[in-house]
Amino acid sequence: MNIFKKNNKNLVGYIAGVGILLALFVFFITCTQIGHEVEKRCEMAQSRYGGECVDALINQIAEASPLAGKNDAIWALGQLGDKKALPFLEQYDTGKPLPEREPWNEGISQYELRKAIKLLKGGLNLSAFVWRD
Amino acid sequence: MNYKQFKKMKVLTASFVSATVAIAVVYNNIILALAGVLIGMLFLFLVRKKAKAVLVDERIQTISGLAARLAYVILTITIAFLSLVFIMIGRKSVPPQASLEVLGVTLSYIALLSLALYSLSYKFFSNKYGETDDEQD
């Protein structure tokens, strides 16, 4: 009976260990992918506007055209966590309650904007430590 | 039941299941397909239980263990080597190829996961069989 209990405990530990390992694996792969996406958006913005990554992303958001990938740039700024972009992003915050669903490619998404502002104000970004230099 | 008989049973069951699924597809009846697969699985499970003494032979276990270990070693070393190559190529090429680097990093995580899973499984089985031996002594 004792052996059975011990074996069961071992099995539970093993299954939990495998589960944790798989979860960590998925987490690290996702973080790497996020880092890659941020880098891609930076490169795209830099090829269009030049300068440093954050400045190029800011220029992309400031552009008059509504279809300039503004929300992608806002997301990337939030992920990068450079506080330099905070005052710039805050000027776009309408302060109104969030609408139910916002189209991604038609102007600035308030949901994405507030998420980025939260991250820039020191909100927890779990994935950042994996890919940020 | 010997191993040959068990193999025959497996082939027969597989034919039964495929025939049932084929009929189910022709008549557009998903319940028949599910029932066929379930019955086949249940039948094989019962047969396997009866033939367990013959099937779990030490030689087969040793061979499969060795094959699995060799496959693990070859795969892990290959993945680790490839990950290094991809990361290096990704960083050194002009302009840097971020996609290659990401592929390299992903492969290195896979190699790491494989090593960690191996260690965990080794620990689990050494605990399991170690304890049983101690109790028997």
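This is a predicted model: local features need pLDDT of at least 70, side-chain atom pairs count only at pLDDT 80 or more; totals for chains, interfaces and linings use all residues.
## Basis

Local features need pLDDT of at least 70 and side-chain atom pairs pLDDT 80 or more, while totals for chains, interfaces and linings use all residues. Residues are numbered from 1 along each chain as its sequence is written, chains are lettered from A in the order written, and side-chain values use heavy atoms, without hydrogens and water.

## The A–B interface

Chain A brings 18 residues to the contact and chain B 17 residues (heavy atoms within 4.5 Å). Together they bury about 1700 Å², 75% of it on carbon and sulfur atoms; this is accessible area (1.4 Å probe) lost on being put together, summed over both parts. Helix H1 (residues 2-49) of chain A gives the most to the chain A side, with 17 residues (helices are DSSP runs, H or I, of at least four residues).

## Salt bridges

Over all chains the count is eight. Arg41(A) pairs with Glu37(A) at 2.7 Å. The two are four residues apart in helix H1 of chain A, so about one helical turn separates them. Arg41(A) also meets Asp72(A), at 3.5 Å from N to O. Asp72(A) sits in helix H3 (residues 70-80), 31 residues from Arg41(A). A network of salt bridges links Glu37(A), Lys40(A), Arg41(A) and Asp72(A).

Lys121(A) bridges to Glu90(A) at 3.3 Å. Lys121(A) is exposed, at 55% relative accessible area, and Glu90(A) is partly exposed, at 34% (exposed is over 50%, buried under 20%, partly exposed in between; 1.4 Å probe, protein chains only).

Technical notes: Buried area is the accessible area (1.4 Å probe) that two parts lose on being put together, summed over both. A salt bridge is a side-chain nitrogen of Lys or Arg within 4 Å of a carboxyl oxygen of Asp or Glu.
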